[in-house]
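Keep the structure open beside you as you read.

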Amino acid sequence: MTTVSAPPRVPGTDEDTLPSVDRASFRSLMGSFMSGVSILTSRRTDESPVGMTCSAVCSVSADPPLLLACVNTPSATLDAITDKNRFVVNFLDVGADSVSDLFASRTTDKFDEVDWLPGEVTGMPVLADVVAHAECAVHEVREAGDHVIVIGRITAGEAMPERFPLGYWRGSYTRSLRMPRRTGPGG
């Protein structure tokens with residue numbers, strides 16, 4: 001394993017002395033980056049399913065296979081994930097904007113309104129309206145501001161290559177457009 005050390009701190013540029021952008025600027029900047037839309041799912045201690053919409057998901061490592069998801073706190077879904085040490089990232093299909101809205105709402109019976117099955121390895125809920133899903137075991141949990149970063153080791157999953165993902169950009173859902181591959185220099 002390679003260890004990477006941080007560069008030496010330069011006097012006067014310490015993180016605590018640098019300003020932060022305001023909330024509106026933060027939202028404008030981060031909203032400029034299109035993200036995929038996913039639903040994190042798990043089960044409570046009584047085995048009832050729980051889930052939430054999440055657009056802060058990305059790959060971390062191929063060896064071991066890790067991904068991360070950022071969850072706002074407090075969260076019943078986060079509580080279930082850390083209690084069970086298992087969860088599923090359901091990457092939503094382009095037609096699943098209503099599913100995203102449902103899981104972003106405070107509706108209590110969300111799973112009564114969607115088709116789902118228990119995951120083959122973790123038993124956590126896998127939704128039907130997905131382009132892919134990743135069943136995960138909790139690898140690490142870290143606090144980060146008003147969110148918690150959950151790093152999951154992918155234990156199983158499936159991708160549906162004929163489907164297209166749902167995106168989110170500048171406050172609205174987007175549909176992806178497949179661009180032809182470039183050939184030649186820079187492609």
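Helices and strands here are DSSP runs, numbered from the N terminus, where a helix needs at least four residues and a strand at least two. What you're looking at is a predicted model. With that naming in hand, the protein chain comes to three helices and 12 strands. The chain has 187 residues, and 33% of them are buried. If you take the contacts with a separation of 6 or more, 64% are between residues 24 or more positions apart.

Let's start with the empty space. Rolling a probe the size of a water molecule over the atoms shows where such space is left. The largest pocket has a volume of about 1,700 Å³. It is lined by 45 residues, and the closest to its centre are Thr53, Cys54, Ser55, Asn72 and His147. Several elements give two or more residues to that lining, among them helix H1 (23-31), strand S5 (65-72), helix H2 (76-84) and strand S10 (147-159). Which element gives the most to the lining of the largest pocket? That would be S3, with six residues. Sorted by class, the lining of this pocket has 21 nonpolar, 14 polar and 10 charged residues.

Next comes the second largest pocket, with about 270 Å³ of space. Its lining has 16 residues, and Leu117, Glu120, Val126, His133 and Glu158 are the closest to the centre. Strands S7 (116-118), S8 (125-127), S9 (130-144) and S10 each give two or more residues to this lining. By class, you'll find nine nonpolar, three polar and four charged residues there.

Now for the packing inside. The largest nonpolar core has 15 residues, and those with the most contacts inside it are Leu40, Leu67, Val71, Ile81, Phe87 and Val150. S3, S5, H2, strand S6 (86-92), S9 and S10 are the elements that give two or more residues to this core. Zoom in on Leu67: leaving out residues up to four places away in sequence, Leu67 touches a group that includes Phe87, Val89, Ala134, Val150 and Ile154. There is also a second, separate core of 13 residues, which includes Ile39, Leu102, Val114 and Met160.

Two residues make handy stops along the way. Val50 is found in strand S3. Is Val50 buried or exposed? At 6% relative accessibility, Val50 counts as buried, because the cut-off for buried is under 20%. Setting aside neighbours within four places in sequence, Val50 is in contact with residues including Leu40, Thr41, Ala80 and Phe111. Val50 and Met124 are 74 residues apart in sequence, while their C-alpha atoms are 9.3 Å apart in space.

The other stop is Tyr168, in strand S11. Tyr168 is partly exposed, with a relative accessible area of 33%. Beyond its neighbours within four places in sequence, Tyr168 is in contact with Phe33, Met34, Ser35, Val37, Tyr173 and Thr174.

What about charged partners? The count comes to two salt bridges. In one of them, Glu47 pairs with Lys84, with the closest N and O atoms 2.4 Å apart. Glu47 lies in the loop between strand S2 (38-43) and S3 and Lys84 lies in helix H2, so the pair ties together parts that are 37 residues apart in sequence. Glu47 is partly exposed at 38% relative accessibility, and Lys84 is partly exposed too, at 23%. Another salt bridge joins the side chains of Glu140 and Arg142, 2.6 Å from N to O. Glu140 is partly exposed, with a relative accessible area of 28%.

You'll find Asn85 in the loop between H2 and S6, where it counts as partly exposed at 41% relative accessibility.

Last, look at two peptide bonds. The bond from Asp63 to Pro64 is cis, with omega near 5 degrees, and Pro64 is found in the loop between strand S4 (57-62) and S5. The bond from Thr73 to Pro74 is cis as well, with omega near -5 degrees, and Pro74 is found in the loop between S5 and H2.

Terms used: Residues are numbered from 1 along each chain as its sequence is written. This is a predicted model: local features need pLDDT of at least 70, side-chain atom pairs count only at pLDDT 80 or more; totals for chains, interfaces and linings use all residues. Side-chain values use heavy atoms; hydrogens and water are left out. On a 1 Å grid over the protein atoms alone, a cavity is a set of points where a 1.4 Å probe fits but cannot get out, and a pocket is an open set with protein on both sides within 12 Å along at least five of seven lines; lining residues have an atom within 4 Å of a point. Grid points are joined across faces, edges and corners, and a volume is the space filled by probe spheres set on the points. Ala, Val, Leu, Ile, Met, Phe, Trp, Tyr, Cys and Pro count as nonpolar, Asp, Glu, Lys and Arg as charged, and the others, Gly among them, as polar. A salt bridge is a side-chain nitrogen of Lys or Arg within 4 Å of a carboxyl oxygen of Asp or Glu. Buried means under 20% relative accessible area, exposed over 50%, partly exposed in between (1.4 Å probe, protein chains only). A nonpolar core is a set of buried Ala, Val, Leu, Ile, Met, Phe, Trp, Tyr and Cys residues joined through side-chain atoms within 4.5 Å. Contact means heavy atoms within 4.5 Å.
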